Amino acid sequence: MSKLELSLHTKVKKAINDNPYLNRRALVFEMHEGRVTLRGVVGSYFQKQMAQESLRTLEEVSEICNELEVAPQA
């Protein structure tokens, strides 16, 4: 991982961790040339949207691919 990728990885991780609506243990992400792919399971469509929105402020992210699954808890 290059120095730039490591910096972006840290920023993405912080953005997800700082979002109070997300359970960061349920989320994983991959990065490739500014594209961030989110994967995992969230409890609502609101959480899915919040995960995506938390990355929009990062200048280095050129594209967000939101593959999070919504599985409401019973």
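Is Tyr21 buried, partly exposed or exposed, and at what relative accessibility? Tyr21 counts as partly exposed, at 44% relative accessibility (buried is under 20% relative accessible area, exposed over 50%, partly exposed in between, with a 1.4 Å probe and protein chains only).

The close-ups below come from a predicted model, in which local features need pLDDT of at least 70, side-chain atom pairs count only at pLDDT 80 or more, and totals for chains, interfaces and linings use all residues. Residues are numbered from 1 along each chain as its sequence is written, and side-chain values use heavy atoms, with hydrogens and water left out.

**View 1. Confidence along the protein.** The mean pLDDT (the predictor's confidence in each residue, from 0 to 100) is 90, and 97% of the residues reach 70 or more. Helix 1 has the lowest confidence, at a mean of 88, while strand 3 (residues 63-66) has the highest, at 97. Helices (H or I, at least four residues) and strands (E, at least two) are DSSP runs, numbered from the N terminus.

View 2. Tyr21 sits in the loop between helix 1 and strand 1, and Phe46 in helix 2 (residues 45-56), 25 residues apart. Phe46 is partly exposed too, with a relative accessible area of 45%.

View 3. Lys14 and Asp18 join their side chains in a salt bridge of 2.5 Å, N to O (a side-chain nitrogen of Lys or Arg within 4 Å of a carboxyl oxygen of Asp or Glu). Both residues belong to helix 1, 4 residues apart, about one turn of the helix.

View 4. Arg35 forms a salt bridge with Glu63, their closest N and O atoms being 3.9 Å apart. This pair links distant parts of the chain, with Glu63 in strand 3 and Arg35 in strand 2 (residues 35-42). For Arg39 and Glu67, the closest N and O atoms of their salt bridge are 2.9 Å apart. Glu67 lies in the loop between strand 3 and strand 4 (69-70) and Arg39 in strand 2, so this pair ties together parts that are 28 residues apart in sequence. Salt bridges with shared partners join Glu30, Arg39 and Glu67 into one network.
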